[in-house]
Amino acid sequence: MSVRRIEAGYLPGLDAAQVQWQALSFSRDGQQLEVAVPVLSAPQMRALAERVAQASDRHLKTMTVSEIITVIDRAIARLLDGNDPYRQQADALLPLVSGYDAEMVRLGLTGFLRTFRAPQLHRFVAEDFANPKVLDGFQPAPKGGAVRAHGPRLLAHSWAGNVPALALWSLVCGLLVKAGSIGKLPSAEPLFAGWFARLLAEVHPPLADCLAVVWWRGAGGEQADALYAQADTVVAYGGNEVLQAIQRRLPVTTRFLAHGHKLGFGVVSASALDTVNAPVLARRAAWDVMRYDQQGCYSPHIFYVQRGGPVSPRDFAGYLAGELANLQRRFARRALDLEESAGVARWRQSIEWTLAASDALLGEPDAAWSVSYTETARALAPTALQRSVAVAAIDALDEVVPALAGLAPYLQTAGVAATPEELYPLADQLGIAGVTRISALGSMSMPEAGWHHDGRFNLLDLVRMTEIEPSAESAAEPYARYEP
C-alpha cells in the first residue's frame, strides 16, 4: 500500500528543517495518509509568538474591519470553488482523516463555509457591536465621550477535531478583532487550519505572518507554556478535563474562553404532528442526528414528542428510524473503533434492560443507527452518539424542563417544532433552564452566522474597551488652538 505524506501546520519565519515533526497516520478504504505536524521547542514558540504579535501590530491592526472581511470573503470564495486546489484537497483528505462519508463532508463543508461570506460576516460583527467602527477607532458613546474596542495582541487557540474545519470559527473571530493568532491543531483533524492560514497569506500577503498553526501532544509541555505566557487570550475547545488542564497552565491575568461538552435535544409539539408534517419533521430530525454522527456540541440526543396529535410519539419514532435507515444508505456512518462500538453496544444493552412493555428499541444490533422509544419523559442524558438517539413521549410541553434539571452547564441547542403561540413560552422556560440556542429541527447542526456560542459573544468576549470620558473631552477644550 502506497503512503502519501503531507505537512500540516503553518510556521511563518521558521525554517522547516530546524523543526521537529511528528507523524500522524490515517487510513481508509485502502488509502493511507501520513500527516507531519510541527513540534516546536519553547524558544521556537516564543520567537514565533513574538513574530505573529508584531505582524498583527503592523498589518491587521492597521486594516479596517471591512477590509479584513473582504480578505476573508476572497479566501472563502476559493474554498467554495470546487475547482480550487485547496477545496479539492479538502474534499479528498478530510473524509480520509475524519472517517466521515465523503459526500457528507462535502455538503457539510459547503454549508459551513457559506456562513463566512462577506454579508454574513458583516452581520456577525453587527451582532456584537452596535457600531462596528469601534473596532477601527474611537466612536461616540451614547453616555458621552468616546469608546474603542481593542482585540488581543496575541490570541491562542486550542481546537477540537470532532468536526472537520471547526478551527475556522475562532480563526475568523480572531481576524475580525485584529488579533494575531496561533492555533494548536487537534490530532483528529490536523489539516484545515493550516490550509486556511496558507490560503489567507496567498489572498493577502501582508497577513502571512499574522497567523501560525502548531501542534503538541496532549496538554503539551514547555512549548505550550511558552505560548500561553505570551497570549493575552486563550480560546479552547474540547472535553472538560482537557479544558481544566489548559486553565491550570494559564497565568492568572490571561483571559480564558472555554467551550466544553454540551447536550442537545429536540421538542416536538402535538400541533406539529399531523400526517403531512410529521414525516417531514422526522426527516429533518434525522439529518441533525446524521450530520457528523452526533459529534457536534449541538447534536440531539433525545426528542421529547407530545402526545395528542394525529401522529403519535411512537409513530414519530418509527418515522425517525426509517429516515435514519435511508440516510445510512446515502451517507454511511464512519467505521467505529473498538471503544466506540463497545459504547454503542453498552447503550443498547442499558436500554434493553429497562424497556417497559410499551417501550421499544428500533434498529438491529448490527445496524448503523438506533432509536429508543419510551412512554415516559426520561431525563436528558448523553447517548452513545454514532446515530443513537432517544424519543420520549410527553403529555405537555411543560414536562421538558423538569427533564433538564441539574444540566444547565451542559445545555446548548434545542430544536423545536411548535406553533408561534407555543414557541415563545417554551423558549422562556428553556432559556431559564440553561438552553442558549433554539433552532428548527434540521438546523440544529448548522448554526447560523453570528450565533452566540454557548450563550456568549463571539467577538465582544475577545476585546477590551478603552473609553474617553466626557470629563477628558471637556478638560481638553481649553488647550485647543482656537481658544482665546
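This is a predicted model: local features need pLDDT of at least 70, side-chain atom pairs count only at pLDDT 80 or more; totals for chains, interfaces and linings use all residues.
Started with threonine 383: setting aside neighbours within four places in sequence, I find it in contact with Gln294, His301, Trp347, Ser388, Val389 and Ala390.

Where does threonine 383 sit? I traced it to the loop between strand S14 (370-374) and strand S15 (388-394). Buried or exposed? Threonine 383 has a relative accessible area of 12%, and buried means under 20%, so I put threonine 383 down as buried.

Next, arginine 78. I located it in helix H2 (residues 65-79). Its relative accessible area is 26%, so I logged arginine 78 as partly exposed. Again leaving out neighbours within four places in sequence, arginine 78 is in contact with Asp84, Tyr86, Arg87, Leu199, Glu202 and Val203. I checked leucine 199 separately: arginine 78 and leucine 199 are 121 residues apart in sequence, yet 8.6 Å apart in space, C-alpha to C-alpha.

Then I turned to the largest pocket. Its volume comes out at about 1,100 Å³. I get 48 lining residues, with Ala160, Asn162, Gly238, Gly239 and His261 nearest the centre. By class, the lining has 24 nonpolar, 18 polar and six charged residues.

Which helix gives the most to that lining? I have H9 down for it, with four residues. Helix H3 (85-98) and helix H9 (240-249) each supply at least two lining residues.

Note on methods. Residues are numbered from 1 along each chain as its sequence is written. Side-chain values use heavy atoms; hydrogens and water are left out. Buried means under 20% relative accessible area, exposed over 50%, partly exposed in between (1.4 Å probe, protein chains only). Contact means heavy atoms within 4.5 Å. On a 1 Å grid over the protein atoms alone, a cavity is a set of points where a 1.4 Å probe fits but cannot get out, and a pocket is an open set with protein on both sides within 12 Å along at least five of seven lines; lining residues have an atom within 4 Å of a point. Grid points are joined across faces, edges and corners, and a volume is the space filled by probe spheres set on the points. Ala, Val, Leu, Ile, Met, Phe, Trp, Tyr, Cys and Pro count as nonpolar, Asp, Glu, Lys and Arg as charged, and the others, Gly among them, as polar.
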